[in-house]
Amino acid sequence: MKFSESWLREWVNPAVSREELSHQITMAGLEVDGVEPVAADFSGVVVGEVVECGQHPDADKLRVTKVNVGGEELLDIVCGAPNCRLGLKVAVAMVGAVLPGDFKIKKAKLRGQPSHGMLCSFSELGIDVESDGIIELPLDAPLGTDIREYLQLNDAVIDVDLTANRADCLGMAGLAREVGVLNRAEVTEPSWESVTASIDDKVEITLDAPQGCPRYLGRVVKNVNVKAATPMWMQEKLRRSGIRSIDPIVDITNYVLIEFGQPMHAFDLAKLDGGIQVRLGNGEEKLTLLDGTEITVPNDVLVIADAQKPLALAGVFGGEYSGVSDTTTDILLECAFFAPLAIMGKARRLGLHTDSSHRFERGVDPQLQHKVIDRATRLVLDICGGQAGPVVEAKSDEHLPKAANILLRRAKLDKLLGHVISDEDVNEILTRLGFTVEVVDAGWQVTTATYRFDMAIEEDLIEEVARIYGYNNIPNVAPIASLKMSDHKEAELSLKRVRSLLTARGFQEAITYSFVDPKLQQLLHPEQQAMILPNPISSEMSAMRLSMFTGLLTAVGYNQSRQQSRVRLFETGLRFVPDESAESGVRQQAMLGAVIAGPNSEEHWSMESKTVDFFDLKGDLEAIIGLTAADLEFSFRRATHSALHPGQCAEILRNDRVIGFIGAVHPSLEKPFGLNGKTIVFELELDALLHANLPQAQTVSKFPSNRRDIAVVVDEQVAAGDVIKLIRKVGENQLVGLNLFDVYQGKGVEPGKKSLAIALTLQDSARTLEEKDIAEKVEAVVAALKAEFNASLRD
């Protein structure tokens, strides 16, 4: 926000320099981006009056004038401006004046006529105003007054970059209040004579969407002169705030916008058909905006409408049809409070961003509207004339924001600041901020001001106290380093170890957005409903992710399209699954996901190049599981998943509970995600992974071990994992090693069958196993396999 220093000092005038003021504002959290003079450097320019104006005898475009600058003699000046005329008050650069660019004014002759000075335009004085011809000053401008003094050009424009939570400072009133608090100075608001209704004309107002607009004020003003000139003082204040003067009605609404931070709008009363309705659009209505853009009003956007048509986008942009024009004689002033959530994101979605939407999105004081509409009415009557009707208000008290009531505890204040601020200072700071303070045993019970939307919890008040007290006034105290060992459970596997293992195996960590494209996510999880954001960054980032798959697969496609053929990525983060049983309506789970694509290794002369398959990623996952020292608690089971290839998908289980999935991406998803070739992914719950078993020391047997290999034939659909699990159960303590080293189908094995070659290592810690013992154990295993899976030994 840009503001004029001189305008600010009309409200509050602390005894600090411009540089000190800028530093104060920055240290208070309202960062000053720049300070610029309102006009270039010049001297010797005064107020004058054209008392004679005639045509130059030898030039069609020049005029010969006599100008009174309050001296004993009139000045002869030749001027070529088209708006030069008799009786005009002008800015006169006298002989000896120095204009911007070190341009010195001297006596001269133009086409034979003497010229003892120059009548100046805004641009010639280095003032950024669009105008044709010389400056036209008000008729009451005192002759001979230095123009820098008269227009207060020894001023500066201060540009403040406000954070989104400080909407209360998007007006001079808020800035002045802030400066007054920082300097313990009195703030003097402008005063005016309140407007009493002189006519009975009014417009009926209906709130059909009170949750979005809980307060709307309207006031009819008739017989206004829209062709009246906006006063120079108002034009200058608007210019220094970065707003161009348009016409008196628009200038007045812009002026109160900058003055109090409250957006307003004026309708041409003759163009309204019936009363005012504040309602949602129906999704089909067309509206032409003031800039000529035609839009279709969405059904979730607030509009201001009459009985027949929409007039404006509420809190965003006025409509062209109902706007004030040169023929307007009667107007309806509106002043409303719109809830931030009702405006937030709507302007961006429609490709619009205005001063009004900027303020309403961040929050406007809901108690300000009566003051502002009275201020605007007084300015209209003073500048444009007319008669005002009564103020008509429609409101919904239950939907109006209420001031927060917060307990500020002395103990919490001291703990967070690390410094004790006296009770008197805390009381004074909170009171000067406009809060109501009651001293209680624990500290202070504070009722915040309605213009401070960012005050909600105790920490907000603590931040305010520290900010106003001054961060520089809080002493620097070095923290005391404690050598106490941190408490942690040895059985908890750290995420850092998992990350280190994956990076050591050639993976790179990815960080993708939690917001994903709902269309792509629907392809992965067609059976699940996602949480849709009400105000997304874009339509492609409007859904919260249901798994890590969406972001990882998008990243693979992105890399492969940039000639990265071998991709190995992993990511940890939250997924968001709608769940009515959860307190917030959504279950947030920490997940680990990984994806591989392309060759299984970098190109090398000693290795054969091969595309990744299911077992490559399964091996990486088993390496992670190995960190838990609980391998036997984990298992894999054939399964189906909407995102994974049938027959190449498995559930990941721990203690028979499903904690994730692993498999090849379904071929139908390769094109939508831009994947090139086979892609393997897994995802599992981090909480279920990060619990490890503590290592237990065991005696190394001094007796020899014995290996026996068996090849069993089972049905093709029998999972090797189930076979291994049964063998381990039958083998009991004497089975110290078990390994599936071959799977065979083909000649010698019946169709629909497969041969599993398994190595059994047998050992006893108390004695040497005899051949009889070994044979009995192997026979027991074979018998159990036959009984459970109808397995037979392969010939």
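**Reading strands and pockets in a predicted model**

Author: Let's start inside: seven of the seven residues of strand S34 (residues 679-685) are buried, so S34 is largely enclosed by the rest of the structure. Buried means under 20% relative accessible area, with exposed over 50% and partly exposed in between (1.4 Å probe, protein chains only). This is a predicted model, where local features need pLDDT of at least 70, side-chain atom pairs count only at pLDDT 80 or more, and totals for chains, interfaces and linings use all residues. Residues are numbered from 1 along each chain as its sequence is written, and side-chain values use heavy atoms, with hydrogens and water left out.

Reader: Which residues point one way from S34, and which the other way?

Author: In a regular strand the side chains alternate between the two faces of the sheet. Here Thr679, Val681, Glu683 and Glu685 point one way, while Ile680, Phe682 and Leu684 point the other, and all are buried.

Reader: Which strands run antiparallel to S34?

Author: First, the terms: strands (E, at least two residues) and helices (H or I, at least four) are DSSP runs, numbered from the N terminus. Two strands pair if DSSP finds at least two bridges between them. Strand S30 (residues 586-597) is joined to S34 by seven antiparallel bridges, and methionine 591 has glutamate 685 as its bridge partner. Strand S33 (residues 657-665) also pairs with S34 in the antiparallel sense, over five bridges; there, glycine 660 stands opposite leucine 684.

Reader: Now the pockets, please. What is the volume of the largest pocket?

Author: Rolling a probe the size of a water molecule over the atoms shows where empty space is left. On a 1 Å grid over the protein atoms alone, a pocket is an open set of points where a 1.4 Å probe fits, with protein on both sides within 12 Å along at least five of seven lines; lining residues have an atom within 4 Å of a point. Grid points are joined across faces, edges and corners, and a volume is the space filled by probe spheres set on the points. The largest pocket comes to about 1,600 Å³. Its lining has 39 residues, with Lys618, Phe636, Ala720, Gly721 and Asp722 nearest the centre.

Reader: And which element gives the most to the lining of the second largest pocket?

Author: Helix H5 (232-240), with five residues. That pocket holds about 1,100 Å³ of space and is lined by 42 residues, of which Val129, Glu130, Gln235, Arg239 and Ser245 lie nearest its centre.
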